Amino acid sequence: MNLQDQFSAFFSNRVVELLAGAVGLNPAQAQMALRAILPRQLDHLADLADNPQTAVGLGDLWSMGTSRTTPKRP
């Protein structure tokens, strides 16, 4: 699973519905917007990861997010 797949998986139907309601769109419109925005966001993250200072922060942020969804190993 690549990074784009992981981000796409995060946006489940329920998350899309919540986002749509928050910004006044229907779920189909919100899904289209997410599909359009996601590649640009990943490009920006790649630019940030290219800088050693911001890469550390991104790594820490990513670790915090995955620690909530991944069981800890003994």
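The following exercises, each with a worked solution, concern a predicted model of a protein.

**Exercise 1. Overall architecture**

Determine how many helices and strands the protein has, and state the order of its elements.

Solution. 
Step 1. The count gives four helices and zero strands.
Step 2. Read from the N terminus on, the elements follow the order α-α-α-α.

**Exercise 2. The arrangement of α2 and α3**

Classify the relative orientation of helices α2 and α3, and describe the residues through which they meet.

Solution. 
Step 1. Two packed helices are described by the angle between their axes and by the distance between the axes.
Step 2. For helix α2 (residues 13-23) and helix α3 (residues 27-49), the axes come within 8 Å and cross at roughly 100°.
Step 3. Angles of 65 to 115 degrees count as roughly perpendicular; α2 and α3 are therefore roughly perpendicular to each other.
Step 4. On the side of α2, Val-16, Glu-17, Leu-19 and Ala-20 take part in the contact, and they meet Pro-27, Ala-30, Gln-31 and Leu-34 of α3.
Step 5. Sorted by class, this contact of α2 with α3 has six nonpolar residues, one polar residue and one charged residue.

**Exercise 3. Two asparagines in loops**

Locate Asn-26 and Asn-51, decide whether Asn-26 is buried, partly exposed or exposed, do likewise for Asn-51, and identify a backbone nitrogen that the side chain of Asn-26 and that of Asn-51 approach.

Solution. 
Step 1. Asn-26 is found in the loop between α2 and α3, whereas Asn-51 lies in the loop between α3 and α4 (52-69).
Step 2. Buried means under 20% relative accessible area and exposed means over 50%. Asn-26, at 36%, is therefore partly exposed. Asn-51, at 33%, is likewise partly exposed.
Step 3. A polar atom of the Asn-26 side chain lies 2.8 Å from the backbone nitrogen of Gln-29.
Step 4. The side chain of Asn-51 reaches the backbone nitrogen of Gln-53 at 2.8 Å.
Step 5. Finally, Asn-26 and Val-16 are ten residues apart in sequence, and their C-alpha atoms are 9.1 Å apart in space.

Methods. Residues numbered from 1 in each chain as written. Predicted model: local features only at pLDDT ≥ 70, side-chain atom pairs only at ≥ 80, totals over all residues. Heavy atoms only, no water. Axes fitted to C-alpha atoms, helices over the stretch in contact; angles between N-to-C directions. Parallel < 35°, antiparallel > 145°, perpendicular 65-115°, else oblique. Contact = heavy atoms within 4.5 Å. Nonpolar A, V, L, I, M, F, W, Y, C, P; charged D, E, K, R; others polar. Buried < 20%, exposed > 50% of the residue type's maximum accessible area, 1.4 Å probe, protein only. Polar contact = N/O pair within 3.5 Å; in protein donor to acceptor, adjacent residues only side chain to side chain.
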